[in-house]
Amino acid sequence: GTEGLPRANPRLVEQLVAMGFSAEQARNALSRTNNDVTRALERLTAPSATVTPNKELAKQLGEMGFEAPSIRSALIKSRNDEVKALEILTSQEQQPEPDEDEGFELVKGHDS
């Protein structure tokens with residue numbers, strides 16, 4: 001639990017909530033980092049931190065024609081940031097062609 005830890009600063013909680021974290025996540029991270037917003041953000045954005053995809057955003061992205069598993073993954077990776085999630089989804093859609101400049105070697109297949 002968070003007993004014995006400093007109380008989270010409400011203004012900092014609001015800042016983190018504005019970035020898309022739940023108030024509970026924000027309070028928890030802030031009290032565990034002694035209200036150090038930078039360290040709290042690092043805690044919240046660590047890959048192990050659990051993110052639940054925002055249902056409203058998922059619905060909106062679904063209406064744009066993206067697949068549910070891709071939407072879920074993009075929302076988790078972007079931490080429910082609509083713009084970042086869209087960037088992730090659109091970059092997945094167009095798989096870049098290998099470019100000679102980037103050191104890819106195209107291997108010709110042999111018909112068997």
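Is alanine 26 buried or exposed? I looked it up in the predicted model, where local features need pLDDT of at least 70, side-chain atom pairs count only at pLDDT 80 or more, and totals for chains, interfaces and linings use all residues. Residues are numbered from 1 along each chain as its sequence is written, and side-chain values use heavy atoms, without hydrogens and water.

**Alanine 26.** I find 0% relative accessibility, so alanine 26 counts as buried (under 20% relative accessible area, with a 1.4 Å probe and protein chains only). Its place is in helix H2 (helices are DSSP runs of H or I, at least four residues, numbered from the N terminus). Leaving out residues up to four places away in sequence, I see alanine 26 touch Val13, Leu16 and Val17 (contact means heavy atoms within 4.5 Å).

**Core.** I next looked up the largest nonpolar core, which has 10 residues, including Ala8, Phe21, Ala26 and Ala40 (a set of buried Ala, Val, Leu, Ile, Met, Phe, Trp, Tyr and Cys residues joined through side-chain atoms within 4.5 Å). H1, H2 and H3 each supply at least two residues of this core. I noted a second, separate core of eight residues, with Leu61 and Phe66 among them.

**H1 and H3.** I checked the axes of H1 (residues 10-18) and H3 (residues 37-45): they come within 11 Å and cross at roughly 40° (lines fitted to C-alpha atoms over the stretch in contact, angles from 0 to 180 degrees between N-to-C directions). Leu12, Gln15 and Leu16 in H1 meet Val37, Ala40, Leu41 and Leu44 in H3.

Methods:
Buried means under 20% relative accessible area, exposed over 50%, partly exposed in between (1.4 Å probe, protein chains only).
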